Amino acid sequence: MDPVRPGSPYQLVIEALGNYPQKKFYNVSKLGGAKYDTLPYSIRVLFESSVRNCDGFLVKETDAMNILDWKTKQNNVEVPFCPARVVLQDFTGIPAMVDFAAMREAVRNAGGDPVKVNPACPTDLTVDHSLQIDFSKCAIQNAPNPGGGDLQKPMAKLSPLKVQPRKPPCRGQTGCKGPCSTGESSRNSGPFSAQIENTPILCPFHLQPVHEPETVLKNQEMEFGRNRERLQFFKWSSKVFKNVSIIPPETGMAHQVNLEHLSRVVFEVKDFLYPDSVVGTDSHTTMVNGLGILGWGVGGIETEAVMLGMPVTLTLPEVVGCELTGTTSPLATSIDIVLSITKHLRQAEVAGKFVEFFGSGVSQLSVADRTTIANMCPEYGAILSFFPVDNVTLKHLKHTGFDKAKLEVMEAYLKAVKLFRNDESSSREPEYSQVVQFSLSSIIPYVSGPKRSQDRVAVNNMKSDFQACLNEKCGVKGFQIAAEKQNDIVPVQYEGNEYKLSHGCIVIAAVISCTNNCNPSVMLAAGLLAKKAVEAGLVVKPYIRTSLSPGSGMVTHYLSSSGVLPYLSKLGFEVVGYGCSTCVGNTAPLPEAIRNAIKQGDIIACGVLSGTKNFEGRVCDCVRANYLASPPLVVAYAIAGTVRIDFETEPLGTGFDGKSIYLRDIWPTRKELHTVEEECVISSMFKELKEKMEKGNKRWNLLEAPESTLFPWDLKSTYIRCPSFFDKLAKEPVSPRPIENAHVLLYLGDSVTTDHISPAGSIARSSAAAKYLTNKGLTPREFNSYGARRGNDAVMTRGTFANIKLLNKFIGKPAPKTIHFPSGQTLDVFEAAELYQKEGIPVIILAGKKYGLGSSRDWAAKGPFLLGVKAVLAESFEKVHRSQLVGIGIAPLQFLPGENPSVLGLTGREQFSILLPPELSPGMTLDIKTSTGKVFSVIALFENEMEITLYQYGGSLNFVARRFL
């Protein structure tokens, strides 16, 4: 895209940059004077974008002036925003690219030129969500595969890096069929010595040390094997579409790669400078806010529109200024800061608002701390959490390998447009909609759980809080375990030894590729704690499913170069791969003996993970309590083996000398952390990893893919299928039709998440998706995961509302079922929807508050649309999900304040007729009449005229596609 729009009314403020006369930029600070100086920094970025992209059509002069008048116009006007780039991850990226491929097909069929269908906005797609833990240190041998795929292939050909095999010591793995020596101890036996290698060799595969831990290679091989077809599609996309870059598997997760590799901070196109900004299909795109880059997550549907040059439209938001003061406790980690601020900002009701940080405490936070805080922004409901660029940012960029000359230009430009924050400057702070204060001195270590990320528990209260959860009734925290059963113990035999399971026992401990891993200090803290623990003689029970899935190779690099990686490995925290795994439900099953013991004793088993999501049933169906914790606490709890421990008064275990070892004995000091961090997180590390990203990997480079203009759809494929979204591609909009005599497909309560709606994780063998795949000739081992099959609308539609924890009030218990009212049958949700469609009966959904909570997922809208859902009637919506419903062509309708189905006396068994007038307007009131004669009003949650236009065209995809006809 040309940085200077032809005919722009603001070209008069284009200037040369000080000592760099060849560099040009819009000096937007001259347009507003004192009014500009009081704008929050995040709003200044919006203003610059509106000025630079003003074309009189998509972005008008009035839009720019409305942003400049933010103080009086906030919450009252809609404004467009044209981000500098787009970031996709593969779970949501594959349906986006499949839609582009389908759009080319539809444009060709309608007489247009398919070659013109390309992203207008630079787009990076990171293949990071495919990773499943088929192999981990305690489940390395032929463990059942939760996502399918044949594990019976000869292991001798697993790695392209394989060299001539030898027969090393077994490291205590059971079931070894080779003549291995038992000279080397297992992770739980004997003192630790310097013989531990950074790259452990695991029998029975008998491979020599390679450049990555062996589990990485095995998981990587499985990933390429099961996902070859979709990877070939991605490679075709990178060849055929202009402005598309694919970051291959095993590079890192989307928001991590976005932070480390893709972020520019300041864009430079044809010597023209402007702020870096981004939207992405991952809700944690906000991580880059910590670098001073404006960015947030949107739905895949809206992202596709941005890729074609359309702006994101948003209500000019309130900006909450969060003033940070004080200093942090030496024991507090970034995760403690994140969880504390999460709760504080939730209480401040910042949902749907921008948050911007200022105050003396900001300079005390490293960029890693800031990006960790910004990454959690979706968990407290804000659109984004912005840290303006300052000297701390520049110092970080220098350490990560930014060119010195580029940094000088960057600093000069940001200061020229007043986007540089300086504590030493006498200039006044921006004016905010409201200011909330937070003292860093008040932070103490916390974990979060056992079912929701916003439920924080002080570590020193963990034991008593879990006891309270056992006593409480089943709900957002309680498990309702009878008092006489709360101390039950279930003995279990595992690997020739007897262990005892009880309520609170830990069976999963995962340091995973999410928020925490972007912060070197917390990962190094975990490594240093592991080092001290091993040296003291502490161990982790072998049945605990431990894993380490870093956000990128950078994490492995500094863990290895600091010397702590072998100690993590000794405790079972071995690198299993790079990408989302446990956090999205992609974990290997627990050992059968452990699963059986948990079920037999009705044990409330626990998982501890350093991620951002712990919705019930997401991590593992038999693990009912899941806690989010910092990486060092994950390791500490794994050593303890239970959450029913008081770290202050109870030891973690016994050391070599028979003495009790307490957490305080092995917790690393802040000075130790800073020393190691300075020595290990250096610019050469970032340079090496960036080169790795740019070169790709051997498997990716050798992967063959077609190069035709149109994708050659394979009708037999169960991965890639041409979707039906463009079947009714129209050049002109049509008036919305009334929704008459609709049945309620589902009657849901509060806080229905996108996890409940959109399929993720493994495909259950009894599900509608499994029946479809079985009919296609696949075995359960070949099912793979829903994420891997997001390019197949038939699978994804069948997986919609298939979550085992879905609570449909028609059924009365958690189950992916509903009632087909014309026949009275209780069916899978898909089967009921299919019957309704065959009968020509429209369906709607009734829901409570915060419908669509959680991560942004386009299939949370696409799936219901293909099920025939015409409208969702709820008490309130999560903002991103509401926009997704509009973008696909589903009407979001909201009960009037104080009303809900119970207040209105609705049972959900009625039929509903919704009157849609020919001329819709934003926020208008509509009447609904039921088959019982009841009439009530709802609010049509269309925020602006553009959303109404999109709805009339049948969604944003059809609206954009018509431009090529």
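Thr800 is buried, with a relative accessible area of 0% (buried means under 20%, exposed over 50% and partly exposed in between, using a 1.4 Å probe and protein chains only). This threonine sits in the loop between helix 27 and strand 27; helices (H or I, at least four residues) and strands (E, at least two) are DSSP runs numbered from the N terminus. The model is a predicted one, in which local features need pLDDT of at least 70 and side-chain atom pairs count only at pLDDT 80 or more, while totals for chains, interfaces and linings use all residues. Residues are numbered from 1 along each chain as its sequence is written, and side-chain values use heavy atoms, with hydrogens and water left out.

Leaving out residues up to four places away in sequence, Thr800 touches Ile757, Pro759, Val829, Trp859, Gly863, Pro864 and Leu867, a contact being heavy atoms within 4.5 Å. Leu867 is 67 residues from Thr800 along the chain, yet their C-alpha atoms are separated by 8.4 Å. A polar atom of the Thr800 side chain also lies 2.8 Å from the backbone oxygen of Met796.

On a 1 Å grid over the protein atoms alone, a pocket is an open set of points with protein on both sides within 12 Å along at least five of seven lines, a cavity is a set where a 1.4 Å probe fits but cannot get out, and lining residues have an atom within 4 Å of a point. Points are joined across faces, edges and corners, and a volume is the space filled by probe spheres set on them.

Strand 27 (residues 817-820) pairs with strand 28 (residues 825-828) in the antiparallel sense over four bridges; pairing requires at least two DSSP bridges. Lys817 has Asp828 as its bridge partner in strand 28. The two strands form a hairpin with four residues between them, and Gly824 in the turn has a positive phi of about 80°.

Now to another buried residue: Arg421 has a relative accessible area of 3% and is placed in the loop between helix 14 (404-416) and strand 15 (434-439). Its side chain makes a polar contact of 3.5 Å with that of Asp390 (a pair of N or O atoms within 3.5 Å; within protein, one must be able to donate a hydrogen and the other to accept it, and residues adjacent in sequence count only if both atoms are side-chain atoms). A polar atom of the Arg421 side chain lies 2.9 Å from the backbone oxygen of Gly359. Beyond four places in sequence, the contacts of Arg421 include Tyr41, Pro388 and Val389.

Tyr41, Pro388 and Val389 are also among the residues lining the second largest cavity, which holds about 60 Å³ of space. The structure has 11 cavities of 30 Å³ or more.

## The whole protein

The protein has 33 helices and 34 strands, and buried residues make up 63% of its 965 residues.
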